[in-house]
Amino acid sequence: MAVSVQPVFERPKVLKTTATHYCAGCHHGIVHRLVAEAIDHFGVQDRTIGIGSVGCSVLLYEYFDIDVVEAPHGRAPAVGTGVKRVHPDSVVFTYQGDGDLAAIGTAEIIHAANRGELMTVIFLNNTTYGMTGGQMAPTTLPGQVTTTSPYGRDVKVEGYPIRMAELIAMLGGTGFSARVAVDTPQRVLEAGKTIRKAFGMQIEKQGFAFVEVLGACPTNWGMSALEANARVSGEMMGYFPLGVYKDITVSA
Amino acid sequence: MKKIVIDEEFCKGCGLCAEACPKKLLSVGKKLNKQGYPLVEISDEDQDKCVSCALCARVCPDVAIRVYRQKKAQ
């Protein structure tokens, strides 16, 4: 009997064949792949424009075979607004971390969502500033030790972690807001579907779509890759519950 | 036939694939790649036991795993 070899899983076309600079066990790579698969799925590589942010994901243009505009720190949604309004037929997404989106860029993301700009925002929340060496971020969990909160985050002094997916869902202009994780194969599949949905909403001109992804940062958490992966469900999901917080395409 | 192909220059030996494998066929070995990361390995014997579920590839942060399966012609 003749036997043929069939591929089950291969690299998405949009993802360049380049080794990433991310640390071993960092979840950025998985999220990059899911975004690339979404672009492949809709066949919009030639009209997709990514907006790079500042943080570990700053080298977005090295890894995606699409056009990328590098935005000043936190301003990716503002740059994305400009790109989308000038090129309404393009597919625009921003890719931001929690230092970029939830700290310096809070104003930009809230107003872009509130205006209902037709773009997709991918937000990777790893509860720390990764690129600069593990300082406390707005999303750092209460009691979490970082280089700038060596005794643990004290909510009386430093306030509470911001739940961005819920915050964005409250705004009138938002079309879709969800929080996903990529720590198990099942959750990776669900995250892939959610990111595809967020791109689909833009392509169908349905509204602003926001996806928060809980990610691990083994290096700055001072953990092994497996310990950091386990922390995502062990510690983060208690404070950052997964789910879809707003979806205007589904009637209540 | 190799069902699991590991790209040695991409693998960083984080071990997430080894944990995800339902049959525990993958392990982080001692061989290092050019970047100095230990590589994930699978023996030829275990290649035969692999069911091509691709869970390892889906959790790999470096897209270092390609998965194939045998298809019997009708």
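**Figure 1. The contact between chain A and chain B in the predicted model.** Chain A brings 28 residues to the contact, and chain B brings 28 residues. On the chain A side, β1 (3–9), α1 (28–42), α8 (185–203) and α10 (225–239) each supply at least two residues. β1(A) gives the most, with seven residues. By class, this side of chain A has 18 nonpolar, seven polar and three charged residues.

**Figure 2. Strand pairing between β1(A) and β4(B).** β1(A) also pairs across the two chains. Its partner is strand β4 of chain B, residues 65–72. The two strands run antiparallel and are joined by six bridges. One residue pair can be picked out: Ser4(A) has Lys71(B) as its bridge partner.

**Figure 3. Packing of α1(A) against α8(A).** Both helices also supply residues to the side of chain A that touches chain B. Two packed helices are described by the angle between their axes and the distance between the axes. Here the angle is about 45°, and the axes are 9 Å apart. The helices are therefore oblique to each other. From α1(A), the contact uses Ile30(A), Leu34(A), Val35(A), Glu37(A), Ala38(A), His41(A) and Phe42(A). From α8(A), it uses Val188(A), Ala191(A), Gly192(A), Ile195(A), Arg196(A), Phe199(A) and Ile203(A). The residues of this helix contact divide into 10 nonpolar, two polar and two charged.

**Figure 4. Strand β5(A) and its burial.** β5(A) spans residues 120–125. Six of its six residues are buried, so the strand is largely enclosed by the rest of the structure. In a regular strand the side chains alternate between the two faces of the sheet. Thr120(A), Ile122(A) and Leu124(A) point one way from β5(A). Val121(A), Phe123(A) and Asn125(A) point the other way. Both sets are buried.

**Figure 5. The strand partners of β5(A).** β5(A) pairs with β4(A), residues 91–97, in the parallel sense over five bridges. Within that pairing, Tyr95(A) has Ile122(A) as its bridge partner. β5(A) also pairs with β7(A), residues 208–214. This pairing is parallel too, over six bridges. Here the bridge partner of Phe123(A) is Glu212(A).

Definitions and conventions
Residues numbered from 1 in each chain as written. Chains lettered and ligands numbered in written order. Predicted model: local features only at pLDDT ≥ 70, side-chain atom pairs only at ≥ 80, totals over all residues. Buried ≥ 20, exposed ≤ 12 C-beta atoms within 10 Å, placed from the backbone. Helix = DSSP H or I, 4+ residues; strand = E, 2+ residues; numbered from the N terminus. Pairing = 2+ DSSP bridges. Contact = placed C-beta atoms within 7 Å. Nonpolar A, V, L, I, M, F, W, Y, C, P; charged D, E, K, R; others polar. Axes fitted to C-alpha atoms, helices over the stretch in contact; angles between N-to-C directions. Parallel < 35°, antiparallel > 145°, perpendicular 65-115°, else oblique.
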